[in-house]
Amino acid sequence: MTDEHAPATSERRLLVIAVSDYDDGTPAKRRAFREGIDAQVAVVEDWWNSSRLDDQRRFTPSHPPKPLQSVHDLRTFLIDKDLIGAADDEALVIYLTGHGLAPAGPQHFLRLPDTHTDRPLATAFPTAELIAAALDSPAEHVLVMVDSCFSGRLAEELDRTLKALHPDRHALSSLVVLAAGNEDSTPRLRAFASALAAVHAHCADEANGYARSHLSWEDFHTILDTVWDPAQMADIHVLWPPRSVSRRLAARELSPCLPNPGHTDTTLLEDARSQLGWTRPDVDDYWITRASGQMSGDAGWYFTGRTALVTRMNAFLSGSDSTLIVTGQAGSGKSALLARLVTLSDPRFCDNPVYRPYLAAIPEELRVPIGAIDAAVLARNTDPQELSAALYRALTGQPVPASTDASELLRGHARTTLARTGRPLTVVVDGIDEAKTPRRIITDVLGPLAALRGDGQNAVRLILGIRSSPPPSRHTLPVRDTHAERGLLDLLRQATDATAPLRTDDDSAQEDIAAYTAALLHAEPATGSRLVHRSNQPIAAVAAAVAQEVTPSFLDARLAAQQLHARAFLPAPSDAPWRRQLREGTQELLRQDLADVAQHTRTRPEDLLAVLRATAFALGAGLPWATVWPAAVHGIEPGCDSPEATIRLVRNSRLTGYLTTAVEDGRTVYRPIHERVSETLRTAPPDPAHRADPARFRRYPRHRQHPGTRPSDPGLFPSPRGRTPAAAASLPAPSPDRPRRGGRCPRRRAHPRLVPALRIPRPHPRRPGTSRHRSGRHSAPGRMVPHRAVPGRRPARRTGRQPGTGRTGGQCSTRAAPRHPAPAAVTGTPLEPAPPAQQHPRGHPQRRLPARHLPQRGPIDHRGRRSRRRLRHHVGCPHRSPLRCTLHQPRPLCPRHDRPEHTPEENPAPCGGQRCRPVAV
């Protein structure tokens, strides 16, 4: 949805006055001059009369008859074009090129073939006369470009001549005159056109992201400053309008005289519904064939699928309920259902002759009344004020004034509309769970709108889309936070007083997914297809197999169909590896696509993944290209040598199917096609070197795993980091078996060598309550150092009161020195004495200490684990609790049997691993 439009024009005219048939100079010079003038005219016409422009932006060119010899010929042409009679809603662009004359005096003349240089007043054309006639015409949008020698002299002449303009036209900033140089310069041939061509190419480049239909004069000058090359281009001067603050601010508006060559019209709907409805690529990439421009064979399902759900939504539109909630798991098609409802209710889409035959074929009970939806917005990355402002703008077409409460304006407009029309507004809001503050969106915006009433009826009817998880079943997909999602759904139902929600992941989803997959396989995608045979029976069998494995995810079905189009033959429905890949879901499908594209393009998969991952971290509507996207790619993957080339490679490969585009602040932005793809890119481990055996996941609690991962998670890279697939295949795979009790796995041997290289700074020593085992616990989610791989041991703390001091501190047990000291990056500095406890007012010697000073569960054994047994004391300790032991120090523990060793005084030789005498506390 664009936030700005250029003023509408009834007619657009391009006048090209190019004088090239001079008879001076050698024949070779005259021929070179004519070719240069023709090249300049071609550049101008390629911008303003290009076939790539639509009819509402293309200019109609006009040329004077050949040969153009005298002033009389030129005046006759201008009188025939009637510049002074142009309409006020007309846009004029005039390009004037040829030799210029600057005789003694302030005037500038255009030299013609019959001009006598010593008689310019009678035989040369005064350039200011043409400019004044165009600027004094009723046309409100005029651009004059003077590409000739000494054209800068016109600045003084125009300043004197245009004083006679009406004050209203004198104040217009949409009347612009450009010159190829100053009053003394003689620009080289094609220099002015080279500057225009550079600006045109910059706008046409997708990377620069100019998405609006037209450019503003501020955009034009900014781009010209970026691309200007003094060695190749003319020093363009602005002769009119004069500079001022008001004109500089007005230059931000879009100009009908500057059609944007990089604009692609993708909107099918009116602005009020364009955020949620279908776009032209959504429909054309699959359902319009390139050869005939007609709908492909199975496109009817796109309009008539999911009959039961569509019927219930239509029943809501014709009923009296105030709120309908559409919910389901990630990728289950709730947004597609809302997009269909919004699109089929849009008058502009229904009047499109391309889609009219297919709309007429929709059964009566599945049709959506035209105009049934008044506005549709997306709540993604919005707060309550931003969502209210978006709704107000969609309903009224006007922005919210500064320092005004958007919520009050929205509710006031709803009351006014109900009083004027007698019917409530119907609004669709999707992506509530993706908002910045979903709960505030529900309580501050949607709840008050649902409760707004007038004349005994609701002023606003709401159709809301939110993600939620159903009760556990065989179709349940991995989700971020089931309890949080269910809590949002319950809060939404309570705040809006809605009935039972419409679920898109019910038992009927499998049949719909099978039909959807079959339709995708029969169609021809925009990236092409390599499938040789597309007969109905094999496609139906494959589609049924896809539906069995991916239900209820329409997203995974689409990605699976995209991969099948990259094959030459369809797989067998009973192909076990292929079905296993489908069961793995979005992450495995993405991993396979990364591997295939990396292999065919000879590109590192890490670079391809960094391009996609950068868009997943973007806020707002998405990530702009320009210099932002390459910088983000380099930040995520510093080893990527050419981020710009990698981005273009992704955009031209089938990986572009994971991305969608939007428009924000006049620029094209990119984001993942679905929030579930975003979560996969943000949370999935990138490297298969991090894969772990299922036994390890049984040993560690679920909350210590990386979010979004499962046992034996292969990650997103098809090969270990920095290695080619061939080199990775030669490496030994990690053993899936659990290491035996006395052995050490390869990962555990590697960690003591890798951790010191991290060199994590410690700005301050650890606090007393920071136990050694927390290092492993907090590093396990990042897959850096597992808990059991930290080899060091830390002494427990004695926290009893010391005699005569009233302080606590010291050690409660003395442990043998570790055989493999833990790196400082993991264990930190040794524990300092605990802070002194304040004296109890009654001097009680057994005051309880804070929990952070208490020992953690038990001692640490030689494997780095905490024992569940309580601390043991030496023989003769009269205390029964280690917290009250203030007189005796325990003996060292045997590192093998976790038993007290003999002290050197009692036995000079240590127990040496012999069975020690157990001593009970």
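The legends below go with several close-up views of a predicted model.

Residue numbers start from 1 along each chain as its sequence is written, and side-chain values use heavy atoms, with hydrogens and water left out. Because this model is predicted, local features need pLDDT of at least 70 and side-chain atom pairs count only at pLDDT 80 or more, while totals for chains, interfaces and linings use all residues.

**Overview. The whole protein, before we zoom in.**
The protein has 33 helices and 21 strands; helices (H or I, at least four residues) and strands (E, at least two) are DSSP runs, numbered from the N terminus. Of its 921 residues, 50% count as buried, where buried means under 20% relative accessible area, exposed over 50%, and partly exposed in between, with a 1.4 Å probe and protein chains only. Contact here means heavy atoms within 4.5 Å. Among contacts between residues at least 6 apart in sequence, 73% join residues at least 24 apart.

**View 1. Helices α1 and α7, side by side.**
Two packed helices are described by the angle between their axes and the distance between the axes. For α1 (residues 27–48) and α7 (residues 191–204), the axes come within 9 Å and cross at roughly 30°. These axes are lines fitted to C-alpha atoms, for helices over the stretch in contact, and angles run from 0 to 180 degrees between N-to-C directions. The two helices are therefore roughly parallel to each other; angles under 35 degrees count as roughly parallel, over 145 as roughly antiparallel, 65 to 115 as roughly perpendicular and the rest as oblique. The crossing of α1 past α7 is left-handed, a label used if the near helix is turned anticlockwise from the far one by less than a right angle, with right-handed used if clockwise. On the α1 side look for Q40, V43, V44, D46 and W47, which meet A193, L196, A197, V199 and H200 of α7. The residues of this contact divide into seven nonpolar, two polar and one charged. In that count, Ala, Val, Leu, Ile, Met, Phe, Trp, Tyr, Cys and Pro are nonpolar, Asp, Glu, Lys and Arg are charged, and the others, Gly among them, are polar.

**View 2. Helix α4 and its residue A134.**
Seven of the nine residues of α4 (residues 127–135) are buried, so this helix is largely enclosed by the rest of the structure. The buried ones are T127, A128, L130, I131, A132, A134 and L135. A134 sits in α4 and is buried at 0% relative accessibility. Leaving aside neighbours within four places in sequence, A134 is in contact with I94, V142, V144 and R169. If you step from A134 to I94, you cover 40 residues in sequence but 8.7 Å in space, C-alpha to C-alpha.

**View 3. Two buried cysteines.**
C149 counts as buried at 18% relative accessibility. C203 is buried too, with a relative accessible area of 1%. The structure holds zero disulfides, a disulfide being a pair of cysteine sulfur atoms within 2.5 Å.

L590, L594, V597 and A598 of α24 make the contact with P605, L608, L609 and L612 of α25. The residues involved divide into eight nonpolar, no polar and no charged. D593 also lies in α24, which spans residues 586–601, and D593 is buried at 0% relative accessibility. With neighbours within four places in sequence set aside, D593 is in contact with Q562, Q563, R654, L655 and Y658.

Helix α25 and helix α26 (residues 628–636) pack at an angle of about 110°, with their axes 9 Å apart. That makes α25 roughly perpendicular to α26, and the crossing is right-handed. A610, V611, R613, A614 and T615 in α25 meet W629, A632, V633 and I636 in α26; the residues of this contact divide into seven nonpolar, one polar and one charged. D607 belongs to α25 (residues 605–616) and is buried at 7% relative accessibility. The C-alpha atoms of D607 and V633 are separated by 7.8 Å, although the residues are 26 apart along the chain. Apart from neighbours within four places in sequence, D607 is in contact with E637, G639, C640 and T646.
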